[in-house]
Amino acid sequence: MEPEIITKPAFTAVGLLYHGKNEQNEIPQLWGSLNPRFYQEIQNKTGIAYGVCGDMEENGRFHYLAGFEVTDITDIPDGMEQWHVAEQTYAVFPCTLQTIQQTYQTIFETWFPQSGYQKADGPDLEFYSESFDPATGEGMAIYMPVK
């Protein structure tokens with residue numbers, strides 16, 4: 001698996017925040033809560049969605065924002081948060097919903113040790129393109145910050 005290395009400009013995402021270990025599939029449930037609110041409540045959205053994954057804590061918990069990229073922040077809906085993600089260099093690994101866990105495992109167990117890259121500070125991203133199809137899981141990628 002040889003990813004494309006890109007520099008992604010800064011962006012802001014607005015959505016719902018989760019903090020935990022995802023032991024009960026809370027993240028898919030989070031998306032299930034966010035998606036119905038997407039059209040009516042999130043203003044100035046681009047149509048691109050992100051799962052913004054914060055650093056893993058020693059206890060295995062992490063912060064995760066299920067959100068949509070916005071071009072301007074005029075009003076944040078009740079119960080939602082905004083995260084600004086700085087410009088970053090990423091290794092981009094195409095995947096599907098069905099292969100996301102396997103892709104993360106390959107990145108950390110195989111690609112990083114063999115690539116000469118290290119994980120950079122900053123969140124990794126689940127990128128859901130405008131053509132993302134939830135039924136097939138196609139149209140997504142993992143963006144891993146690298147140095």
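A residue is called buried here when its relative accessible area is under 20%, exposed when over 50%, and partly exposed in between, using a 1.4 Å probe and protein chains only. By that rule, cysteine 53, at 9% relative accessibility, is buried. Cysteine 95 is buried as well, with a relative accessible area of 8%. The model is predicted, so to speak of local features a pLDDT of at least 70 is needed, side-chain atom pairs count only at pLDDT 80 or more, and totals for chains, interfaces and linings use all residues. Residues are numbered from 1 along each chain as its sequence is written, and side-chain values use heavy atoms, with hydrogens and water left out.

The structure holds 0 disulfides, a disulfide being a pair of cysteine sulfur atoms within 2.5 Å.

Attention can now turn to the interior. In soluble globular proteins, nonpolar side chains tend to be buried together. A nonpolar core is taken to be a set of buried Ala, Val, Leu, Ile, Met, Phe, Trp, Tyr and Cys residues joined through side-chain atoms within 4.5 Å. The largest such core has 31 residues, and Trp31, Leu34, Tyr64 and Ile142 touch the most other members. At least two residues of this core come from each of strands S2 (11–20), S3 (45–53), S4 (62–70), S6 (88–95), S7 (124–133) and S8 (138–145), and from each of helices H1 (26–41) and H2 (100–115). Helices (H or I, at least four residues) and strands (E, at least two) are DSSP runs, numbered from the N terminus. Apart from this core lies another, of 14 residues, including Tyr50, Val85, Tyr90 and Leu125. Leucine 34 has contacts, meaning heavy atoms within 4.5 Å, with Gly15, Leu16, Ile42, Ala66, Gly67, Phe68 and Met80, leaving aside neighbours within four places in sequence.

On a 1 Å grid over the protein atoms alone, a cavity is a set of points where a 1.4 Å probe fits but cannot get out, whereas a pocket is an open set with protein on both sides within 12 Å along at least five of seven lines; lining residues have an atom within 4 Å of a point. Grid points are joined across faces, edges and corners, and a volume is the space filled by probe spheres set on the points. The largest pocket has a volume of about 870 Å³. Of the 31 residues that line this pocket, Ile27, Trp31, Tyr64, Glu126 and Tyr128 lie nearest its centre. H1, S3, S4, H2 and S7 each supply at least two residues of the lining. There is 1 cavity of 30 Å³ or more, and the largest cavity has a volume of about 40 Å³. Its lining consists of Val14, Ile42, Gln43, Asn44, Val70, Asp72, Ile73, Thr74 and Asp75.

Isoleucine 5, in strand S1 (residues 4–8), is partly exposed at 35% relative accessibility. Not counting residues up to four places away in sequence, isoleucine 5 touches Thr89, Tyr90, Ala91, Trp111 and Tyr117. Phenylalanine 132 belongs to strand S7, and its C-alpha atom is separated by 9.9 Å from that of glycine 47, 85 residues apart along the chain.
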